[in-house]
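Please read them with the coordinates open.

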Amino acid sequence: MPFITRQRKSIGSRILASLVLMVVVSASLSVAITVAELDKQLLRTSEQKLRDEAYLLGVQFRAHIDELMRDVAFVKGMPPVQGMIRAERHKGVDPEDGSTEALWRARLAEIFSQMLLAKPTMVQVRYIRANGQELVRVDRYGDNGQIRVVAEGALQDKSLRDYVKKTVALSSGEIYLSKISLNRENGVVMLPRQPVIRAATPIYTSGGELFGLIVINYSLDTIFDTLRQIADSGHQAYIAAANGEYLMHPDESKTFRFEEGEQSNIGADFPAAVSLLGKAGNGDVRSGFAQSHEGERVFALHSLNYNPDDPNASIIIAVADDFADSLKVRDALLNRIFYFLLLILACTVVLGLAVSRRIAAPLEKMREVIQSKGRNATVADLPVDAAGEAGELARAFNSLLRDLERQREVLVKEVSERRQAQSLLEQNLGKIAQANLELEQFTNIASHDLQEPLRTVRSFIELFEDRYAGQLDEQASLFLSYMNQSAARMEELINGLLEYSRIGKEAPIVDVDCELLVSDVCDDLASLIRESGADIQFRGLPEIRARAMGMRMLFQNLISNAIKFQRPGVVPQVRIQCEKLSWEWKFSVQDNGIGIPPEFHERIFLIFQRLHGRAEYSGTGIGLAHCKKIVEQHHGKIWVESLPQHGSRFYFTIAEPKDEKA
């Protein structure tokens with residue numbers, strides 16, 4: 001039966017070859033499509049991750065610069081700064097408290113020393129005359145890096161330095177930020193190299209005469225180290241100046257080359273950064289794929305302005321990652337698919353051999369029937385079940401393909417779900433890290449910068465009472481008592497806020513009698529109300545469930561603003577009302593003050609936004625931002641209706657909490 005044998009081999013080979021070819025082609029197409037889509041998704045995910053990381057580094061850098069500007073403003077308001085001026089103008093003795101100029105100088109030096117001790121990033125604090133001569137200087141350049149107070153004979157003339165010239169040209173309250181550079185002494189770069197940025201503000205006498213300036217040098221080494229730690233492991237972080245010259249680079253030899261008359265520019269490593277050079281940082285975040293001597297890299301660029309008063313004070317932050325690292329996930333997946341396809345191929349070969357034998361047997365039977373019966377053969381004699389075998393083979397093969405497709409879809413879905421979960425986890429970790437950092441900064445400020453001046457005030461009040469106890473009349477003693485009580489209340493508020501920040505959760509919701517609360521706030525503002533002659537009217541305010549400390553700050557900010565922003569010659573009138581809505585309370589605070597232009601109705605609720613100069617109205621520009629945050633914590637909203645010279649009416653809602661954790 002050689003003919004039948006040859007036919008069996010021919011049919012079996014063709015069936016087996018067809019099955020193997022179908023499996024290989026289908027699997028190859030599926031793998032090719034999967035790999036292409038996976039590469040695109042990996043690239044998009046890597047770019048987005050780097051964009052988020054670059055933006056986070058920018059936020060962190062801006063936070064440090066904002067802290068530096070706050071420190072300069074804080075030092076400017078310290079009593080010794082004006083005390084030295086008064087003492088110098090009155091033959092070395094301050095007429096207000098009898099302190100000598102030397103005593104004020106020593107106090108200021110001690111304050112500078114404590115600031116350097118509390119803040120490792122601060123390397124030098126100085127009080128300089130307008131003519132450039134240093135008056136007080138404290139730095140970290142003592143033996144072994146110790147904090148030192150520079151002797152009077154070693155103080156230098158800084159009149160030719162650029163930061164002195166630019167600062168003395170500023171108005172009161174303005175702050176100058178220098179470019180980022182290496183620290184120099186007597187015109188020579190100090191070793192080891194130390195990148196610094198200087199912040200300075202002019203000091204004016206009470207009569208408006210320029211006297212000098214306060215200068216603080218911040219070391220960027222600590223800030224750069226913090227940014228490197230924030231960047232994910234395996235990522236490279238870079239910072240370049242507005243002209244593209246590197247300030248921070250994984251290779252330290254490429255940083256600050258411009259100080260030596262050389263260049264090391266970010267545009268050489270990231271061509272996309274060229275379009276950002278020489279432009280004011282506007283917060284743009286860009287990403288892409290770059291080829292360099294270090295290989296294929298995914299990168300993100302963030303253009304950042306760190307001084308809102310100077311559009312040219314900008315940096316470029318870059319974060320890069322080796323794209324080969326991102327492809328490791330794909331390679332691992334391909335290995336698994338390869339072994340899986342080998343297994344499928346082996347199964348297909350075995351199945352093809354079995355099926356080819358099953359098909360060849362009916363053909364042999366058919367040959368025997370035809371040879372023995374010829375034309376007499378009937379349908380019953382023929383292997384009619386052959387068609388069933390072929391159909392079964394087709395269904396089996398189709399089922400195999402469906403199984404392969406389902407497994408591929410499950411695999412792609414699993415990769416997508418894991419990627420989304422990883423991205424969400426990284427976002428949450430970033431938010432937690434940022435929240436912890438802000439909480440730590442707040443705790444440091446509350447425990448040091450806020451409480452220290454308050455303790456000084458109370459100490460002087462107690463000293464004044466002890467020294468002049470028998471010389472004061474009843475009214476003066478009463479005034480001192482009011483001062484001491486107000487200072488005590490302030491200390492309680494600060495301690496309450498500090499305790500709130502330390503426990504790591506919101507203050508508890510309690511029953512708050514708004515009528516009594518507003519009355520207490522008016523007692524706190526008694527001096528301001530009495531001086532302005534303000535008429536504060538409130539009646540029928542409800543008792544609600546809320547956070548007592550937040551509600552107190554909310555009413556105090558709105559009432560004090562209503563009194564402060566008044567038209568000349570007009571007695572302030574403040575009306576506080578409340579009405580019950582379906583599921584919340586709607587409060588209103590109305591005044592007859594200067595009013596607010598419509599275009600600023602939203603801006604006033606942003607932090608540190610002022611519509612008037614400090615010479616016109618005092619304040620920090622943070623009060624209404626606090627109000628907005630407090631209202632939002634109570635699931636409410638705040639807005640204003642006002643026109644210039646027609647007063648303002650602030651509305652805010654406080655939702656009724658559904659439970660104690662609302």
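**Notes on the model**

1. Glu101 lies in helix α3 (residues 101-118), where helices (H or I, at least four residues) and strands (E, at least two) are DSSP runs numbered from the N terminus. With a relative accessible area of 18%, Glu101 is buried; buried means under 20% relative accessible area, exposed over 50% and partly exposed in between, for a 1.4 Å probe and protein chains only. Leaving aside residues up to four places away in sequence, Glu101 touches Met84, Ala87, Glu88, Gly92 and Arg129, contact being heavy atoms within 4.5 Å.

2. On provenance, this is a predicted model, in which local features need pLDDT of at least 70 and side-chain atom pairs count only at pLDDT 80 or more, while totals for chains, interfaces and linings use all residues. Residues are numbered from 1 along each chain as its sequence is written, and side-chain values use heavy atoms, with hydrogens and water left out.

3. Helix α12 (residues 548-564) has 17 residues and should span 24 Å at 1.5 Å a residue, which agrees with the 24 Å between its end C-alpha atoms; the expected span is 1.5 Å times one less than the number of residues. Of the 17 residues of α12, 12 are buried, among them Arg552, Phe555 and Asn557.

4. Helix α10 (residues 514-524) packs against α12 at an angle of about 55°, with the axes 10 Å apart; axes are lines fitted to C-alpha atoms, for helices over the stretch in contact, and angles run from 0 to 180 degrees between N-to-C directions. The two helices α10 and α12 are therefore oblique to each other, since angles under 35 degrees count as roughly parallel, over 145 as roughly antiparallel, 65 to 115 as roughly perpendicular and the rest as oblique.

5. In the contact between these helices, Leu517, Val518, Asp520, Val521 and Asp524 of α10 meet Met551, Arg552, Phe555, Gln556 and Ile559 of α12.

6. Some backbone geometry deserves a look, given that most residues other than glycine have a negative phi, and most peptide bonds are trans. A cis peptide bond, with omega about -5°, joins Leu191 and Pro192, and Pro192 sits in the loop between β7 (188-189) and β8 (195-204).

7. Asn144, in the loop between β2 (134-139) and β3 (148-149), has a positive phi near 60° and is exposed at 79% relative accessibility. His635 also has a positive phi, near 60°; His635 belongs to the loop between α13 (623-633) and β20 (638-642) and is exposed, with a relative accessible area of 53%.
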